[in-house]
Amino acid sequence: MNQFFVLCFFVLLIFGLGDGVWIPIAQGDEFMGAWLLNDGGKVMKDFSGQDRHGEITLGPDAKWINGPYGKPRSALFLDDQSFCRVKDPGGIFDTPEGITVGCWTIISGLPDCCSGIPRKMDSADAGGWVLHPSAEGGGWKLHFWAHAGGWVGTGAADILPMSAPNPGKWTPKDWVHTAATYDGSVVRVFVNGVKKGEKKGEVNEIDPGDGALGWSHDVFKRRHQGAISETFIYDEAMSEAEIKAKVKNGLGETLAVRSRGKLPTAWGILKKRY
């Protein structure tokens, strides 16, 4: 009898009360933000369901281009005056126990030595973290740094070539997926879904700092010449297999599958509780 009432309640909850209802979902294991960069406007739209939208400042030569999966207007070409910002009121991006950050990018130049895609910091000494491509050996190398009782970080073993400065010459092969994780003890960096570096540090929680999220033009005005698409932040350290799946399937498909999975997750919780 109890199961019958629970079933009726669940059906009413889903189909009778609309989209604005509360459904019990497990806490943690969540996207903190997911910006596909596929809407072609000046809003940095968050597709994670968290509504953490930001602003895009477009320079005179910025434009929307084909993304890493070939879809038109699904990536942003950044000129020297373009950048993106997402504010962090009240620490909404705090991930003390771990983090995964990922972003598709094309890099044609790092004139100020390095950039953040994204970074979360408002000074070099105020906490935060940064997914940090840096110029090296005529190309660039991926780094990640997190402030956890002091800066901990590592870089990829491989140096990658710069792409042509003219976006008209880019092909899908120019796109590189960059990602990094920190689990409270070990920093790992991934290029195209493959682990390329790791370093163990002291076991500490991440000090998130108070800075906004930013892509290009960081607190030191360092520019990112190239393009960005499909950036996400996750509140746990993903496995290499999980990151590879996102590289293969795309962030949009990952979010769609996750959304479809929330219904059986909620039903499972209800059955367990009642």
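The structure holds one cavity of 30 Å³ or more. A cavity here is a set of points, on a 1 Å grid over the protein atoms alone, where a 1.4 Å probe fits but cannot get out. Points are joined across faces, edges and corners, and the volume is the space filled by probe spheres set on them. The largest cavity has about 30 Å³ of space.

This is a predicted model: local features need pLDDT of at least 70, side-chain atom pairs count only at pLDDT 80 or more, and totals for chains, interfaces and linings use all residues. Residues are numbered from 1 along each chain as its sequence is written, and side-chain values use heavy atoms, without hydrogens and water.

Which residues line the largest cavity? They are Trp104, His177, Glu230, Phe232, Lys246, Gly250 and Leu251 (each with an atom within 4 Å of a point). By class, three are nonpolar, two polar and two charged; Gly counts as polar.

Lys246 also belongs to helix 2, residues 240-249 (a DSSP run of H or I, at least four residues). The face turned away carries Ala241 and Lys248, both exposed (over 50%). Just after helix 2, Gly250 takes a positive phi of about 90°.

Definitions and conventions
1 Å grid on protein atoms, 1.4 Å probe; cavity = no way out; pocket = protein on both sides within 12 Å on 5 of 7 lines; lining within 4 Å. Buried < 20%, exposed > 50% of the residue type's maximum accessible area, 1.4 Å probe, protein only. Helix = DSSP H or I, 4+ residues; strand = E, 2+ residues; numbered from the N terminus.
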